[in-house]
Amino acid sequence: MTVLEVNGLKKYFGKTKAVDGLSFSLSEGEVVGLLGPNGAGKTTTLKCIVGLLRKAEGTITIDGMDHRSDVARAKLAYIPEVPDIYEGLTVWDHLKFIALAYNLHDWEKRANDLIHRFDLMEKRNELGMHLSKGMKQKTMICCALLHDPDVLLFDEPLIGLDPKAVHELKEVFMDLKALGKSLLISTHMLDTAQNLCDRVLVMKSGKLIAEGTIDDLRKRVQAAQESTLEELFLEITSDENK
Ligand SMILES: Nc1ncnc2c1ncn2[C@@H]1O[C@H](COP(=O)(O)OP(=O)(O)OP(=O)(O)O)[C@@H](O)[C@H]1O
C-alpha cells in the first residue's frame, strides 16, 4: 500500500531549480534510499515533504491526505542532517517538548526505552549545549521516534555517529521496517544504502534520473551482476550518461 506519494514536485530558489518535477512513491514497510550528487535536491525534497519548505508546484500526500493536514503531519517525522537541538534544554526536556507538541499521553516509558536504546541514559539530564554532535543526533532520532510516526525521512543519518551508534541505527531501521514503517533515507553512503534499502531513487539537478532495486539499475546500465551500487551510481550520474 502506498503511504507517501510525491507528484510533479517543483521547488525553485530564484533561478535554481532545486527540485524540478519529481514524482515517486513509498510503500508501507519500504526502505528507500534517496541518492544523488551534492546539490541534487535531496534535502530540498525532504524539507518540502515535511512542510519546512513551501513547494512551488506538485502534490504530496500521506495515506492519501495532503501532507500539510494535521493527520498527515502526525504520521510524519523528519530527522535533519544538522541536529536542531535547543542548547538550553536537556535530552529529557526535548522529549517532553515533543510529547507536549503531539499531545502524547503515557509517553515516559517509551521515551526512557528510546534513551536507553541510544545509550543516552547517562546524558538524560545534560543540556543540549553540552552534548557531542553524535549525542545531539541521537537525541533528535529519539524525538522523531517518540510519536510513533509511519513515514520517517532521514537526511544523512549516519554522519557523525560512532560505529556503535551506526550499528544501532541500522538495527532501528530494520526494526521500523519490520513494524511496517516506511523510511526515506538521503545518503551518500552507498555501501550502506546497498545493504539497507529495498530500492533507491537517484536524483540529479532536481530530477529523478534512475529508480529501482540494485538489479534494476544493473539492467539499466547493462552492468555486470556483481557491480556495486557505488559503481552503478557513478555510471548513472556521470555527465556522459545523460
Ligand atoms: N535556502 C536556499 N537558498 C538558495 N538555494 C538553495 C537553498 N537550499 C538549497 N539551495 C540550492 O538548491 C539546490 C539543491 O540543494 P539541496 O540542499 O536540496 O541538495 P542535496 O542533494 O541535499 O545536496 P547535498 O548532498 O550537498 O546535501 C542546490 O543548488 C542548492 O544550492
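Student: Over residues 4–230, what share of the chain is helix and what share is strand?

Tutor: Keep in mind that this is a predicted model. Over residues 4–230 the chain is 36% helix and 27% strand.

Student: Which UniProt annotation covers residues 4–230?

Tutor: An unreviewed UniProt entry carries the annotation "domain: ABC transporter" for residues 4–230.

Student: Which residues surround the ligand?

Tutor: For a shell, a residue counts if its C-beta atom lies within 6 Å of the molecule. Here the ligand is surrounded by Phe-13, Thr-16, Ala-18, Gly-36, Asn-38, Gly-39, Ala-40, Gly-41, Lys-42, Thr-43 and Thr-44. Strand 2 (16–27) and helix 1 (42–50) are the elements that give two or more residues to this shell. Helix 1 gives the most, with 3 residues.

Student: At what angle do the axes of helix 4 and helix 5 cross?

Tutor: The axes of helix 4 (residues 108–117) and helix 5 (residues 133–146) cross at roughly 145 degrees and come within 10 Å. The crossing of helix 4 with helix 5 is right-handed.

Student: Which residues meet there, in helix 4 and in helix 5?

Tutor: From helix 4, Arg-110, Ala-111, Leu-114 and Ile-115 meet Cys-142, Leu-145 and Leu-146 of helix 5. By class, this contact has 6 nonpolar, no polar and 1 charged residues.

Definitions and conventions
Residues numbered from 1 in each chain as written. Predicted model: local features only at pLDDT ≥ 70, side-chain atom pairs only at ≥ 80, totals over all residues. Helix = DSSP H or I, 4+ residues; strand = E, 2+ residues; numbered from the N terminus. UniProt positions renumbered as here; feature names shortened; annotations may be inferred. Axes fitted to C-alpha atoms, helices over the stretch in contact; angles between N-to-C directions. Left-handed = near helix turned anticlockwise from the far one by under 90°. Contact = placed C-beta atoms within 7 Å. Nonpolar A, V, L, I, M, F, W, Y, C, P; charged D, E, K, R; others polar.
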